[in-house]
Amino acid sequence: MLQSKLLIVILAGVMVVAAAAGVAQQTKRAQNAVVTAQTMEYDWAANTVEFSGGTKLVLTGQHDATMTAPTMAVKLSAKADRVVSVVANGPVHFSLLTQADANGTRRRIVATAKGQAVYADDTEILKLTGGATADLLPAEGAAEGGEGLARAEAIHFTGQTITANLKTSKLTVDDANLTVETRAQ
Amino acid sequence: MSKYVPLLVVAGVLLVLAGVMYLAVRQPKAPPEAVAPAPPAPLVEAAKPQHPKAPTGLSLEGARIEQRDPEGQLEWSIVAQGDLEFDKDSQVVTGRAVSFEMTDKSRMPYLLQAPVVHADYAAKILTFDEGVTGRMADSSASFRVNHVTVNFSTQKLVGSGGVRFTHGQYLATAREIVVDPKAKKVRLRGGVRFERRG
């Protein structure tokens, strides 16, 4: 029984690291980001761009990722050639399809926060605050040839803050609760 | 001799009256230097707005319109490469191939170029048409839009149709753009799409 629990924890850890690595790789392709919204406001003095009204950020490339929120504020560099930071005010929904791991398994991370999500480009940290949740799910139809055990696992995190450090591929959950669901084979 | 005296007196009086009437009816001619200050032909058209009913604050010199605040500070100006015509009845100036400059440095100075402009002094609105391009004076951002109006009082620019706003490496498209120089903000509305260029 103890061995079984230990095995689940190890597997969950491996999945989290793989997922975080997927997030990091996805972020490196962030040049393919598109934001859609009802309104956009460019502050000439502060060099910020604020979006509101059904705001949706779509990252495209080898992976798919989307973030939706009522408002998003983007701080641009002085030359407006890169994004310095993004602040999405809640409720924030974030979804990411990871790259295939060594077993060929792709997973989907679905995260939400009632407060806000903040991404800082210099630290490469994405922080979701205020009733944050994250689900690590087996991606439907994306795990062909993958190991059965990895496909069947679904992990649910809840916490006040979920931090994804994209540089170190580390996911940190403060005041965390972890639920691992194993589907019957 | 004496019988012709009354006739001569009457003739003299009539002559004096005719002279007085001529002097009263005659319009003073404008000095020639005020009519043709600049060489291109369209500038002759531009001299027409020197009508006594021209609105306060408007001064026309050649193909240039200037708007100044009560303190005399230049707020904006329009330079027309093409014709510049003034309709004294409707109080509308129409210019072709125009460059517009919002010059108030304390706000957000910007420039516009358009094939045609209508300056409606009764409604206090400038209307640019047939495809307008604009840019911030510091070249930090630029935009294209089909149709633009600028309110004299608020100085707010509202553009509609096929908006393309470029800032650095990023491009935003929308249905409407509002440039608010007082707030130093640019707002895009309606189906906004923002992405990195290239």
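**Entry 1: across the two chains**

I began with a pairing between chains: S1(A) and strand S13 (residues 185–196) of chain B run antiparallel over nine bridges. For my own notes, two strands pair if DSSP finds at least two bridges between them, and helices (H or I, at least four residues) and strands (E, at least two) are DSSP runs numbered from the N terminus. Before going on, I remind myself that this is a predicted model, where local features need pLDDT of at least 70, side-chain atom pairs count only at pLDDT 80 or more, and totals for chains, interfaces and linings use all residues. Residues are numbered from 1 along each chain as its sequence is written, while chains are lettered from A and ligands numbered from 1 in the order in which they are written.

I picked out one bridge in this pairing: Val34(A) has Glu195(B) in S13(B) as its partner.

How many residues does each chain bring to the contact? I found 19 residues from chain A and 19 residues from chain B, with contact meaning that C-beta atoms, placed from the backbone, lie within 7 Å. Strand S1 (residues 33–43) gives the most to the chain A side, with eleven residues. By class, I noted eleven nonpolar, four polar and four charged residues on that side. Here Ala, Val, Leu, Ile, Met, Phe, Trp, Tyr, Cys and Pro count as nonpolar, Asp, Glu, Lys and Arg as charged, and the others, Gly among them, as polar.

**Entry 2**

I read chain A as two helices and eleven strands, in the order α-β-β-β-β-β-β-β-β-α-β-β-β. Of its 185 residues, 32% are buried; buried means 20 or more other C-beta atoms within 10 Å of a residue's own, exposed 12 or fewer, and partly exposed in between.

Next came the largest nonpolar core, with 75 residues. Such a core is a set of buried Ala, Val, Leu, Ile, Met, Phe, Trp, Tyr and Cys residues joined through C-beta atoms within 7 Å. Which members touch the most others? They are Met40(A), Met72(A), Ala117(A) and Ile177(B). Strand S3 (residues 65–76) of chain A supplies the largest share, seven residues. I followed Ala117(A) and, beyond four places in sequence, its contacts include Met67(A), Ala88(A), Phe94(A) and Leu128(A).

**Entry 3: Gly54(A)**

I found Gly54(A) in strand S2 (residues 48–59) of chain A. Why does Gly54(A) count as partly exposed? Because it has 13 C-beta neighbours inside 10 Å. Setting aside neighbours within four places in sequence, Gly54(A) is in contact with Ala37(A) and Gln38(A).

**Entry 4: S8(B) and its partners**

I looked at both faces of strand S8 (residues 132–136) of chain B: Val132(B), Gly134(B) and Met136(B) are on the covered one, Thr133(B) and Arg135(B) on the uncovered one. Strand S6 (residues 110–120) of chain B joins S8(B) by four bridges, antiparallel, and there Gln113(B) is partnered with Thr133(B). S8(B) also pairs antiparallel with strand S9 (residues 141–145), again over four bridges, and Val132(B) stands opposite Val145(B). S8(B) and S9(B) make a hairpin with four residues between them, and Ser139(B) in the turn has a positive phi of about 60 degrees.

Back in S6 I stopped at His118(B). His118(B) is partly exposed because 17 other C-beta atoms lie within 10 Å. Beyond four places in sequence, I list its contacts as Val92(B), Thr94(B) and Thr127(B).

Notes
Contact = placed C-beta atoms within 7 Å.
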